Amino acid sequence: MKPAIGALLLCAMLLAISQLSANSVSTRPGLNSMQFRLGGDTYAELRKAPNKAVNRPNPMENDPQAVAAGKLLFADHCSECHGDDATGGRKGPSLRVSDVQNATPGTLFWLLTNGVVRKKMPAWSKLPEPQRWQLVRFLRSPEAVPNASTDGSTKP
């Protein structure tokens, strides 16, 4: 009889702990169970780009069709994780934040090419190089960041 009571108490305690954990996560402002949770190093990978990549210019910077093409590519390849409007989704962080918007085109291209394996972002190196540059062009365009504030910061 005593082992059964002990097991019952243990189950009740585990249930109470799991309920408290669920409540503490769901009551955080701005987060729900379907959104990506930001860690302190969410955008740290941007700082790992080598200088050669950081200084690489976007050859499609002045191509008027690159933004539209990048928008279509984003919808096909990126929105599932980063959200339709790039504000973040259940698998990936916002791309509207200043860390991303202030990154050089070469840095973004490097990150797209190499991915972030430990964060489950795939490497898009098999996507043709011009298409990766179009994505970079779109990510840095006003279309990708329609609500950017005038001080240069954006909401995650």
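Let's start out on the surface: Lys120 is exposed, with a relative accessible area of 75% (exposed means over 50% relative accessible area, buried under 20% and partly exposed in between, with a 1.4 Å probe and protein chains only). This is a predicted model, in which local features need pLDDT of at least 70 and side-chain atom pairs count only at pLDDT 80 or more, while totals for chains, interfaces and linings use all residues. Residues are numbered from 1 along each chain as its sequence is written, and side-chain values use heavy atoms, with hydrogens and water left out.

**The chain as a whole**

- The protein chain has 7 helices and 0 strands, giving the pattern α-α-α-α-α-α-α along the sequence; helices (H or I, at least four residues) and strands (E, at least two) are DSSP runs, numbered from the N terminus.
- The chain has 156 residues, and 35% of them count as buried.
- Its accessible surface comes to about 10100 Å², with 59% belonging to carbon and sulfur atoms; these areas come from the Shrake-Rupley method with a 1.4 Å probe, and for residues only the protein chains shown count as cover.
- Among contacts with a separation of 6 or more, 66% are between residues 24 or more positions apart; contact here means heavy atoms within 4.5 Å.

**Helix α7 and its cover**

- In helix α7 (residues 129-139), 8 of the 11 residues are buried, so this helix is largely enclosed by the rest of the structure.
- Those buried residues are Arg132, Trp133, Gln134, Leu135, Val136, Arg137, Phe138 and Leu139.
- Their cover includes α3 (66-77), α5 (98-101) and α6.

**How α6 and α7 pack**

- Two packed helices are described by the angle between their axes and the distance between the axes.
- For α6 (residues 105-114) and α7, the angle is about 125° and the axes are 9 Å apart; axes are lines fitted to C-alpha atoms, for helices over the stretch in contact, and angles run from 0 to 180 degrees between N-to-C directions.
- The two helices α6 and α7 are therefore oblique to each other; angles under 35 degrees count as roughly parallel, over 145 as roughly antiparallel, 65 to 115 as roughly perpendicular and the rest as oblique.
- On the α6 side, the contact is made by Pro105, Gly106, Leu108, Phe109, Leu112 and Thr113, and on the α7 side by Glu129, Arg132, Trp133, Leu135 and Val136.
- By class, this contact of α6 with α7 has 7 nonpolar, 2 polar and 2 charged residues; Ala, Val, Leu, Ile, Met, Phe, Trp, Tyr, Cys and Pro count as nonpolar, Asp, Glu, Lys and Arg as charged, and the others, Gly among them, as polar.

**How α3 and α7 pack**

- Helices α3 and α7 meet at an angle of about 100°, with their axes 7 Å apart.
- That makes α3 roughly perpendicular to α7.
- Ala66, Val67, Ala69, Gly70, Lys71, Leu73 and Phe74 of α3 make the contact with Gln131, Gln134, Leu135, Arg137, Phe138 and Leu139 of α7.
- The classes in the contact of α3 with α7 are 8 nonpolar, 3 polar and 2 charged residues.

**Helix α6 and its surroundings**

- Helix α6 is mostly covered, with 9 of its 10 residues buried.
- The buried residues of α6 pack against α2, α5 and α7, and they include Trp110 and Leu111.
- Following α6 is Gly115, with a positive phi near 70°.

- Arg56 sits in the loop between α2 (51-54) and α3, where it is partly exposed with a relative accessible area of 34%.
- Although Arg56 and Gly106 are 50 residues apart along the chain, their C-alpha atoms are separated by 4.6 Å.
- Beyond its neighbours within four places in sequence, Arg56 is in contact with Pro105, Gly106, Phe109, Glu129 and Trp133.
- Glu45 lies in the loop between α1 (2-26) and α2, and it is buried, with a relative accessible area of 15%.
- Leaving aside neighbours within four places in sequence, Glu45 is in contact with Trp110, Leu111, Val116 and Arg118.

- Most residues other than glycine have a negative phi.
- Ala86 is not a glycine, yet has a positive phi of about 65°; Ala86 lies in the loop between α4 (79-82) and α5 and is buried, with a relative accessible area of 3%.
- Lys120, also not a glycine, has a positive phi of about 70° and is placed in the loop between α6 and α7.
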